[in-house]
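Hi,

Here is the structure I promised to pass on. Could you have a look at it, and then read my notes below?

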Amino acid sequence: MASNSVGSNTQEHWVKPTQDHVKINVAGAFNPVSRKAAVGVIAPNSHGMMIDGSAFQLKGLHTAESAEACAFKEGVRMAIENEWTQFVFEGDSATVVSKLDRKELDRSFTAAHLRSTISKLEDHPGFSFSFVRRACNRAAHG
C-alpha cells in the first residue's frame, strides 16, 4: 500500500531533492478571460538537472483548481512511466494538496479526479506530496 504524506514547505527558493529521490514540480494555469488552461511538470534529479518534463494546453472546460489537479495527474503519469521508486510531488495549490490527503469524503469533482490519480500510486510506496510557495515552483509555471 502506498504511503503518502502531505507537508508544507515555507522555503523561499527551490531546493534540490535528496540523492535517492526525484522531485516532480507540478503547476496548473488557468486564464479566466480566455477560459484556457494548461499544465506544466518538471522532474529534476538531485543534481538539479531536468530528467523529464511536460507542458500542454488542456482541452475542455476547466477551473484553476482542475488545472492544478490535472498537473498532479500528469506528474503521477510521469513517475510511473519512468519507473521512479522514490519521488516527491510539489505543487503550489494548497487546496489541491490538502485534497490529496483528505480522509473524509469530499464530493467535489476535483477530489474524485485526485482519488483516481492517487489510486495509480498504490503499487509505488515511495512518494509524498508537498505544498510549496509559488516562488519555489516557478520552473513548472514557466
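Let me begin with a pair of helices: helix 1 and helix 3 run roughly parallel to each other (angles under 35 degrees count as roughly parallel, over 145 as roughly antiparallel, 65 to 115 as roughly perpendicular and the rest as oblique). Their packing angle is about 5°, and the axes lie 10 Å apart (axes are lines fitted to C-alpha atoms, for helices over the stretch in contact, with angles from 0 to 180 degrees between N-to-C directions). Helix 1 brings Glu65, Ser66, Ala69, Cys70, Phe72, Lys73 and Val76 to the contact, and helix 3 brings Thr110, His113, Leu114 and Thr117 (contact means heavy atoms within 4.5 Å).

Before going further, a word on the basis. This is a predicted model, in which local features need pLDDT of at least 70 and side-chain atom pairs count only at pLDDT 80 or more, while totals for chains, interfaces and linings use all residues. Residues are numbered from 1 along each chain as its sequence is written, and side-chain values use heavy atoms, leaving out hydrogens and water.

The chain has four helices and six strands, in the order β-β-β-β-α-β-α-α-β-α from the N terminus (helices, H or I with at least four residues, and strands, E with at least two, are DSSP runs numbered from the N terminus). Of its 142 residues, 44% count as buried (buried means under 20% relative accessible area, exposed over 50%, partly exposed in between, with a 1.4 Å probe and protein chains only). Among contacts between residues at least 6 apart in sequence, 69% join residues at least 24 apart.

Back to helix 3, residues 109-119: its buried residues are Thr110, Ala111, His113, Leu114, Thr117 and Ile118. Seen down the helix axis, they fall within an arc of 160°, so they line one face of helix 3 (the arc is that of the directions from the helix axis to the C-beta atoms). Their cover includes helix 1 (64-81), helix 2 (94-101) and strand 6 (126-132).

Cys70 is buried, at a relative accessible area of 15%. Not counting residues up to four places away in sequence, Cys70 touches Val39, Leu58, His62 and His113. Cys70 and His113 are 43 residues apart in sequence, and 8.3 Å apart from C-alpha to C-alpha. Glu74, also in helix 1, is buried with a relative accessible area of 10%. Leaving aside neighbours within four places in sequence, Glu74 is in contact with Val39, Val41, Ser54 and Phe56.

Best wishes
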